[in-house]
Amino acid sequence: ERERERERERERGMTGEVAKVMEPVSNHKELVDFEAPQKRPKRNKFAIACASLASMTSILLGYDIGVMSGAVLYIKKDWHLSDVQIEVLTGILNLYCLFGSAAAGRTSDMIGRRYTIVIAGAIFFAAPLLM
């Protein structure tokens with residue numbers, strides 16, 4: 001009997017461990033084998049608001065730089081500024097970003113990262129509205 005099984009395995013190309021793996025397995029499962037469906041985790045609305053405000057600050061910074069590059073043409077003409085003065089005027093936005101980053105570090109140490117992002121987002125969101 002065992003000789004016939006080995007011969008069939010050789011014909012199919014299966015030997016040793018492969019033949020053992022290929023043996024039929026019972027797929028019968030009982031109700032206790034299944035797990036209960038997992039509940040979906042709650043969404044943290046505060047984290048979503050922080051992420052939204054953080055992304056809005058990046059968008060608004062790009063908007064401010066874009067507006068400034070378009071306004072430079074008229075500012076140069078009306079105020080009779082040289083090219084160097086225009087470069088300083090445009091580059092000052094990056095300097096203010098440096099001061100803002102330093103202030104954000106101190107604020108983050110005092111009140112935490114989340115609230116710092118909320119405050120920065122609120123300021124960046126309100127500033128273009130006031131312009």
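Ala, Val, Leu, Ile, Met, Phe, Trp, Tyr, Cys and Pro are counted here as nonpolar, Asp, Glu, Lys and Arg as charged, and the others, Gly among them, as polar. The model is predicted, so local features need pLDDT of at least 70 and side-chain atom pairs count only at pLDDT 80 or more, while totals for chains, interfaces and linings use all residues. Residues are numbered from 1 along each chain as its sequence is written.

Helices are DSSP runs of H or I with at least four residues, numbered from the N terminus. Helix H4 covers residues 83-111, and its end C-alpha atoms are 42 Å apart. Just after H4, Gly 112 has a positive phi of about 105°.

The largest pocket holds about 670 Å³ of space. A pocket is an open set of points on a 1 Å grid over the protein atoms alone, where a 1.4 Å probe fits, with protein on both sides within 12 Å along at least five of seven lines; lining residues have an atom within 4 Å of a point. The volume is the space filled by probe spheres set on the points, which are joined across faces, edges and corners. The lining comprises 16 nonpolar, nine polar and two charged residues. Helix H3 (45-79), H4 and helix H5 (113-130) each supply at least two of the lining residues.

Methods. Heavy atoms only, no water. Expected span 1.5 Å × (residues − 1).
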